[in-house]
Amino acid sequence: MEFQPRLSPELWTIVFQMLSGRSDWPPRIDSDIGNLRLTCRLFENLATPFLLPRISCGPLSSSLTRLTAVSCHPVLSRSVKEVVFICNQYQFIKTLPEYKEALCRAGSLSSRKFEEPESEEENLDLETAFSQYGQHFDDQTAMENSGEVIARLCSALMRMPNVKKITVSPNFVCFLDCYDYSRYFLEPEPAYNEAFLLMARVLSLTGAKIRELSVESDDTVCGDYYGVDGAVFRGMSPMDLSHCCNAFRGLREATITADEYDIDGWMTGNMAKILSVATNLESLWFGSRSQFRISLKYIFSTTTWNRLTSLNFSWITFDQGELLDLLRRHSGTLKKIDLLCVTLTNGSWRILLEGMKSSLSLEAISIDDPCEEDDEGVMIDKYVRQAALEDYLLGDGPHPLPNNVP
């Protein structure tokens, strides 16, 4: 007797989506989804898109070989929706003492403090980790110098027609390949700028119809690597600028983690040119892990995105007038604003909120840890209760920062 499902295909799709939505890392083929596909033809058709929703890769031969294998598979290639590119780069370290020094520096920036080996077994473990690191550096260098990294990324992306999201991530995962790393293994350092340009070239050359681009931050390690910085824009060639514009052209969502390093690079305005071509942008997140302090005109210029509904800023210092002008330009579409650790200069939060109240019709608002500078450059923390903020901007409540509150 033919199997008669009691639930509609739409409900089964929701079930498969819930099964595939678990936060397993690294991305892997879901065994539950795989087994369900074998049950019947209906389940095969409905579950296949959730079989391997995302795949991670990096500039190593083993990682890119896996990506190639998935992209050549007749079923898996159609299930991939997101490609995560791990942007960490191995550095040339010549000797074991230099390697130990690098471990000490890395340990001072994280919870993994380096401790000298106390036994022959631990010494052997350290030497093995140093050897593995060197092998990865040689592998990475060979792949990049031969052009294999960009070639394999391009060919794989062209064989995976349903990819809609590209993520550049510094969150190095030891399971990126098959090695079993010891506690002495030195994790490679994030290289945001190189990865940003690489993925822009890949997207431009392939013409992939990407809808979401995300440059993630590394929230697990404190250090000097925060995100894309101005150096990538200062030395950007006309060809690379064109590639970046092509990569952003069809985006609906953009998440950019940035660092203010190399202010001259940011002041070229190349970031503003790149963002301006994303005419269909609906959601924009721009932030930093340090207090980004560069004029809005160099990042967003006077662009108006006619479909922008969600705007998120994190750890940025804004001129109050520039921020209010940006918000007012999108008064017809903007529905959700999320501001985290935003500092205002040349103005105040009271004036900004009054301007938002008079010009925007929001459905959701969140402002956490706001701050402002007075005329002498002294930072003043402001406290705004979420309930009072929503009552004021979304309803008819009183101003959450009355005149008598500093």
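1. In this predicted model, helix H9 passes helix H11 in a left-handed crossing. Two packed helices are described by the angle between their axes and the distance between the axes. Here H9 (residues 192-206) and H11 (residues 238-248) pack at an angle of about 70°, and their axes are 8 Å apart. H9 is therefore roughly perpendicular to H11.

2. The contact between these helices can be followed residue by residue. On the H9 side, Phe-196, Leu-197, Ala-200, Arg-201, Leu-203, Ser-204 and Leu-205 take part, and they meet Asp-240, His-243, Cys-244, Asn-246, Ala-247 and Phe-248 of H11. Of the residues in this contact, eight are nonpolar, three are polar and two are charged.

3. A pair of aromatic rings is described by the distance of the centres and the angle of the planes. The structure holds 16 aromatic pairs. One of them joins Phe-196 and Phe-248 in a tilted arrangement, at 6.2 Å centre to centre with 55° between the planes. This pair links distant parts of the chain, since Phe-196 lies in helix H9 and Phe-248 in helix H11, 52 residues apart.

4. Are Phe-196 and Phe-248 buried or exposed? Phe-196 counts as buried because its relative accessibility is 5%, under the 20% cut-off. Phe-248 is likewise buried, with a relative accessible area of 1%.

5. The rings of Phe-300 and Trp-305 have planes at 85° and centres 6.3 Å apart, so this pair is edge-to-face. Both Phe-300 and Trp-305 are buried.

6. Ring pairs also build a cluster, which contains Phe-196, Phe-233, Phe-248, Trp-266, Phe-286, Phe-292, Phe-300, Trp-305, Phe-313 and Phe-318.

Key. Residues numbered from 1 in each chain as written. Predicted model: local features only at pLDDT ≥ 70, side-chain atom pairs only at ≥ 80, totals over all residues. Heavy atoms only, no water. Axes fitted to C-alpha atoms, helices over the stretch in contact; angles between N-to-C directions. Helix = DSSP H or I, 4+ residues; strand = E, 2+ residues; numbered from the N terminus. Parallel < 35°, antiparallel > 145°, perpendicular 65-115°, else oblique. Left-handed = near helix turned anticlockwise from the far one by under 90°. Contact = heavy atoms within 4.5 Å. Nonpolar A, V, L, I, M, F, W, Y, C, P; charged D, E, K, R; others polar. Phe/Tyr/Trp six-rings, centres within 6.5 Å; stacked < 30°, edge-to-face > 60°. Buried < 20%, exposed > 50% of the residue type's maximum accessible area, 1.4 Å probe, protein only.
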